[in-house]
Amino acid sequence: MTHLCGPGDDDATGPCDGPEAVAREIADAVDCLTSLWSMAAQEAALRLSLHQLRALRALEAAPNLNLTALAERLDIALPTASRLCDRLEAAGLLERTHHPRNRREVRLAVTAQGQHVLDDVAARRSRALAAALTAMAPAELMSLRRGMKAFLAGQDVARPQISGPEYP
């Protein structure tokens, strides 16, 4: 019988203590966050697909990528990236400009309108997350904050390797 970890298991030792159990709980939390993120994005004035938002966020983080670099960053095929950019450009959220020293290379950039949409979605997501966090006790919130900092520090030190029977 599988033991499900939950409230009240914090002080227990057993199957809820191992990294695999914690990883499953984090995966559940990520699924919940993904749903919260998606709902917040869908409430924005301009509804975009998650792929469109990912593309705009990638370009916000690394301005002036070319189409090939964007496709690689999003892990999608070049024709798919091209169609995605066509739609974003038609909506006025992305602009294509020629590289100043190489006219064959096209750079991609988020427009002011695109940045406004990204800011709107980010604000909605932050408000939705803050609403969920207000249900937590202050001590739990501080524990979560410490745990997230430790996770990020651990992630920087030892990048996880995906291996095992599920992943060839």
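What covers the buried residues of α3? I began with this question, and I found that the cover includes α2 (50-61), β1 (65-66), α4 (78-90) and β3 (106-110), where I take contact as heavy atoms within 4.5 Å and buried as under 20% relative accessible area with a 1.4 Å probe and protein chains only, exposed being over 50% and partly exposed in between.

I note that this is a predicted model, in which local features need pLDDT of at least 70 and side-chain atom pairs count only at pLDDT 80 or more, while totals for chains, interfaces and linings use all residues. Residues are numbered from 1 along each chain as its sequence is written, and side-chain values use heavy atoms, with hydrogens and water left out.

**Overall layout.** I counted six helices and three strands, taken as DSSP runs numbered from the N terminus (helices H or I, at least four residues; strands E, at least two), and from the N terminus on I read the order as α-α-β-α-α-β-β-α-α. Of the 168 residues, 21% count as buried, and among contacts between residues at least 6 apart in sequence, 43% join residues at least 24 apart.

**Helix α3.** I looked up the buried positions in α3 (residues 67-74) and found Leu70, Ala71 and Leu74. Seen down the axis of α3, these buried residues fall within an arc of 100°, so they line one face of the helix; the arc is that of the directions from the helix axis to the C-beta atoms. An α-helix has 3.6 residues a turn, so residues three or four places apart point the same way. At the N-terminal end of α3 I noted Asn66 as a cap, with a side-chain oxygen 3.2 Å from the backbone nitrogen of Thr68, and just after α3 I found Asp75 with a positive phi of about 55°.

**α2 against α4.** I then checked the axes of α2 and α4, which come within 10 Å and cross at roughly 85°, the axes being lines fitted to C-alpha atoms over the stretch in contact and the angles running from 0 to 180 degrees between N-to-C directions. The two helices are therefore roughly perpendicular to each other, a label that covers 65 to 115 degrees. Where they meet, I listed His51, Gln52, Ala55 and Leu56 in α2 with Leu84, Arg87 and Leu88 in α4.

**His99.** Last, I located His99 in the loop between β2 (94-98) and β3, where His99 is buried, with a relative accessible area of 11%. Not counting residues up to four places away in sequence, His99 touches Glu105 and Arg107. I also found His99 and Asn66 to be 33 residues apart in sequence and 9.1 Å apart in space, C-alpha to C-alpha.

Key: Polar contact = N/O pair within 3.5 Å; in protein donor to acceptor, adjacent residues only side chain to side chain. Parallel < 35°, antiparallel > 145°, perpendicular 65-115°, else oblique.
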